[in-house]
Amino acid sequence: MADATEALRTVAHNVRAARTRAGLSLDELGRRARVSKGALVALEKAQGNPNLATLVRLADTLGISVSDLMQGPPEGRVRIVSADAAAPLWTGEHGGEARLVLTTSGPAPVEVWRWRLEPGEEYASHPHRAGVVETVSVTAGRMTLVVDGAEHTVEAGQTATFDGDTAHAYRGAGTGPCTLVMTVHLPPGPGPLT
């Protein structure tokens with residue numbers, strides 16, 4: 001529980017810092033990100049439990065990565081992160097999950113995610129800001145990648161890439177779980193939060 005409380009405090013601090021740096025009021029950020037002002041007030045007070053869709057909308061609106069919202073200050077030149085150490089940001093109805101493992105630093109960061117999708121489980125994502133590119137590398141099983149309404153089968157050993165500024169979804173296919181590594185390549189942004 002202490003880890004979850006600390007993570008929420010970090011998100012609260014980072015949302016407030018990014019909103020202030022962007023010169024946005026709570027009302028304006030809420031309107032642009034399609035998040036209620038009440039939810040934003042609670043989030044900035046380290047209360048509540050924001051879901052993945054809310055964090056993605058806030059990050060996209062603020063021009064930063066989801067990791068920028070979740071990470072504290074850098075710990076050193078090399079970071080090694082176990083997938084188990086990252087809490088799931090999405091949990092499917094049949095036990096699938098998505099974990100944001102880390103985000104690279106620099107002017108155009110890359111988020112690294114580990115996903116497990118059970119057969120038939122689906123996560124639908126809203127379009128990201130222009131310039132976001134995603135890749136999915138299936139390590140086991142099979143998935144259906146839906147981009148702008150078109151379905152694409154991606155099997156173990158295959159990698160797909162697409163522009164993330166359109167509606168897209170990931171669906172477990174086949175008879176067993178699908179595991180994949182997803183990267184989200186972000187366009188240059190305003191830089192790290194302080």
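## The sheet

In this predicted model, 6 strands form an open sheet in the order β1-β2-β3-β10-β5-β8, with antiparallel pairing. Strands are DSSP runs of E of at least two residues, and helices are runs of H or I of at least four, both numbered from the N terminus. Two strands pair if DSSP finds at least two bridges between them. β1 (88–91) and β8 (159–163) stand at the edges with a single partner strand each, so one side of each has no neighbour in the sheet. From one strand to the next, the twist averages 20°.

Within the sheet, β5 (residues 133–140) and β10 (residues 178–185) pair in the antiparallel sense over 7 bridges. Thr 179 in β10 is the bridge partner of Ala 140.

## Helix α4

Just after α4, Gly 63 has a positive phi of about 75°.

## Packing of α2 and α4

Helix α2 (residues 26–33) packs against α4 at an angle of about 110°, with the axes 9 Å apart. Axes are lines fitted to C-alpha atoms over the stretch in contact, and angles run from 0 to 180 degrees between N-to-C directions. The two helices are therefore roughly perpendicular (65 to 115 degrees). Leu 29, Arg 32 and Ala 33 of α2 make the contact with Arg 57, Leu 58, Thr 61 and Leu 62 of α4 (heavy atoms within 4.5 Å).

## Basis of the values

Residues are numbered from 1 along each chain as its sequence is written, and side-chain values use heavy atoms, without hydrogens and water. Local features need pLDDT of at least 70 and side-chain atom pairs count only at pLDDT 80 or more, while totals for chains, interfaces and linings use all residues.

Key:
Angles under 35 degrees count as roughly parallel, over 145 as roughly antiparallel, 65 to 115 as roughly perpendicular and the rest as oblique.
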